[in-house]
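Student: Could we go through this structure together, one question at a time? I would like to see how each answer is reached.

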Amino acid sequence: MENEYREIRLQKAARLRELGVDPYALRTPERQPCAALVKAFEANNPEGTTEPKPVPGATAGRVLSLRMMGKKVAFLDVWDESGKIQFYINQKEVSPQEWEVFTNLDLGDWLWGKGDVTRTKTGEITLFVKTLKLLTKSLAVPPLEKSGGLQEKELRYRKRYADLLADPERRKTFATRSRVIFEIRKFLDGRGFMEVETPVLHAIAGGGTARPFVTHHNTLDQDLYLRIALELPLKRLLVGGFEKVYEIGRNFRNEGVDATHNPEFTMLELYQAYTDYYGMMELMESMLVHLLKTIRGADTDLSKVEWDGQVLNFTPPFRRVSYGELFKECTGIDMNDEAAVRAKAASLDIPKTFGHWKLVDELFDRFVQGKLDNPTFLTDYPTAICPLAKKKVENPQVAERFEIFCKGMELGNAFSELNDPVDQLARFEEQVKKGKVEKDEEVPKEVDYDYVEALEYGMPPAGGIGIGIDRIVMLMTNQHSIRDILLFPHMRKEE
RNA sequence: CCGCCCGUAGCUCAGUCGGUAGAGCAGCAGACUUUUAAUCUGUGGGUCGAAGGUUCGAUUCCUUCCGGGCGGACCA
């Protein structure tokens with residue numbers, strides 16, 4: 001905060017105040033986007049025009065370059081969200097007070113100008129300023145493209161505003177993120193889904209397995225958890241009679257932070273009555289294709305989608321392979337062979353307190369998950385690790401659940417939703433009991449009896465899916481780190 | 001949590017085999033009335049991430065800590 005630049009700029013602001021100029025203008029005079037002025041000129045001066053026909057106009061933006069020619073003339077690059085336009089300012093063309101404003105201008109300041117748009121001798125479309133107004137004085141030096149922009153990742157994440165203002169490309173990534181979410185809503189709207197909002201504060205951290213954040217409500221004197229999943233409230237809505245619901249919202253998990261994990265992240269969860277996990281596979285495929293075509297472009301070749309240097313095939317139908325089959329393929333062990341699984345786990349640093357199916361899941365994560373590059377539906381998980389999914393009729397040992405993986409990353413997780421309240425209660429009780437024995441902090445500590453009671457009123461057969469929006473955005477923007485698609489990724493406190 | 005790497009001016013980066021530091025941009029002063037990363041001349045700017053140790057002397061070597069990056073472990 002303390003530096004020579006700040007002092008000089010504060011002095012300039014004080015000087016302007018003496019002249020009766022507010023360095024933080026209350027209002028902006030009428031204006032058009034920078035790019036609109038350029039366009040208007042081009043429209044009036046088609047290709048081949050010899051004598052330029054000036055177009056009057058006014059615009060505003062941030063000054064990011066200033067070139068003086070002598071004491072009385074200057075060229076400025078002015079940027080707004082739409083792009084850039086050059087200002088030409090000549091002492092003879094503006095009032096003495098305006099010239100004074102100009103001489104106290106710094107890089108980073110926001111400036112409004114009005115005049116005629118025409119071409120300079122060198123061909124640059126330029127606003128020849130007749131009237132100008134300082135909109136905002138900046139006290140900090142903006143990172144400048146010609147001096148290398150903002151490179152240090154820590155600075156880019158902590159001071160995202162500086163990162164964004166320094167580089168229009170970075171702004172584009174976040175604009176794309178916004179469009180991805182817009183297109184998801186559009187896609188779901190087209191299928192008749194209703195968007196809902198459910199509580200972030202939960203009395204029981206259910207609907208998934210993850211360590212939750214704990215907080216406390218003072219007047220109720222009650223501990224609360226930040227939600228780790230959206231699942232249970234949404235399925236209560238199916239009981240209530242809504243048939244297609246979804247929520248796009250923030251989840252919180254008190255776990256690791258790395259290139260693909262942020263403590264808070266955005267999930268889409270949707271539930272649809274009268275379908276099952278096969279319906280969810282179709283929906284997932286269609287949604288990904290819709291997003292690739294609308295975000296990456298209508299001419300995108302689905303069989304050659306590049307992501308972080310890898311070429312992936314998104315042509316539906318995606319590969320479908322069962323959990324047990326792939327487990328066998330990658331570990332050489334039958335997942336039902338308890339002795340072999342335990343022996344394998346013992347050779348690694350996996351807690352001995354874990355039961356058989358927890359061990360299977362641990363081995364799976366280590367040996368299988370990272371190998372799946374092309375989008376793959378991994379189906380029929382062991383029932384023991386799927387307390388919210390229906391069992392397969394022909395083999396109750398496995399459940400109608402799939403996870404879709406891509407580049408070793410889980411993109412989505414779906415079930416044929418369990419709606420038998422008696423079975424659900426038994427599975428919850430088993431899960432809580434096991435969690436205590438295994439000292440597994442990711443498992444809910446108590447049974448959500450209210451949810452079981454909701455099922456007693458009858459939930460229609462349904463398919464449901466949860467999709468990690470951040471990872472979808474990474475895929476669509478071809479980014480490698482979650483920090484580059486979150487505006488404000490979580491950072492440790494400084495000092 | 002483990003391994004490797006990084007932290008020097010507002011920004012991007014050099015550098016010091018141990019003798020308290022440089023460049024470009026930015027700033028300030030000056031020259032130039034159509035520039036395009038404008039050019040030219042002059043000039044100010046640093047507790048070299050923090051603390052401790054070794055040393056006559058540490059920004060440099062060592063230790064610890066803080067923050068970050070990449071990879072691994074764990075989780076979505």
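Tutor: Let us start at the RNA: a polar side-chain atom of Lys146 lies 2.8 Å from a phosphate oxygen of RNA strand B, which is a polar contact (a pair of N or O atoms within 3.5 Å; within protein, one must be able to donate a hydrogen and the other to accept it, and residues adjacent in sequence count only if both atoms are side-chain atoms). This is a predicted model, in which local features need pLDDT of at least 70 and side-chain atom pairs count only at pLDDT 80 or more, while totals for chains, interfaces and linings use all residues. Residues are numbered from 1 along each chain as its sequence is written, chains are lettered from A and ligands numbered from 1 in the order in which they are written, and side-chain values use heavy atoms, with hydrogens and water left out.

Student: How far is a backbone N or O atom of Gly149 from a sugar or linking oxygen of RNA strand B?

Tutor: Here the protein backbone takes part, as it also does at Ser147, where a polar backbone atom is 2.8 Å from a sugar or linking oxygen of RNA strand B. For the backbone atom of Gly149, the distance to such an oxygen is 2.5 Å.

Student: How many residues surround RNA strand B?

Tutor: A residue is counted as near the strand if one of its heavy atoms lies within 4 Å of it. The closest are Thr122, Glu154, Glu255, His261 and Arg471, and the residues that surround RNA strand B number 55.

Student: Which element gives the largest share of the surface near RNA strand B?

Tutor: Helices (H or I, at least four residues) and strands (E, at least two) are DSSP runs, numbered from the N terminus. Among the elements that each supply at least two residues of this surface are α1 (4–18), β1 (55–69) and α4 (153–158). The largest share, 5 residues, comes from α4.

Student: Why is the pair of Tyr323 and Phe364 stacked?

Tutor: Rings of Phe, Tyr and Trp (its six-membered ring) pair if their centres lie within 6.5 Å, and planes under 30 degrees apart count as stacked, over 60 as edge-to-face and the rest as tilted. The structure holds 13 aromatic pairs. In the pair of Tyr323 and Phe364 the ring centres are 4.1 Å apart, and it is stacked because the planes are at 15 degrees.

Student: How many residues apart in sequence are the parts that this pair ties together?

Tutor: Tyr323 lies in helix α9 (residues 323–331), whereas Phe364 lies in helix α11 (residues 356–367), so the parts tied together are apart in sequence by 41 residues.

Student: Is Phe364 buried or exposed?

Tutor: Buried means under 20% relative accessible area, exposed over 50%, and partly exposed in between (1.4 Å probe, protein chains only). Tyr323 has 0% relative accessibility and counts as buried. Phe364 has 1%, so the word for Phe364 is buried.

Student: What is the angle between the planes of Phe364 and Tyr381?

Tutor: These two residues form an aromatic pair that is tilted, with 6.3 Å from centre to centre. Phe364 lies in helix α11 and Tyr381 in the loop between β15 (376–379) and β16 (401–406). The angle between their planes is 55 degrees.
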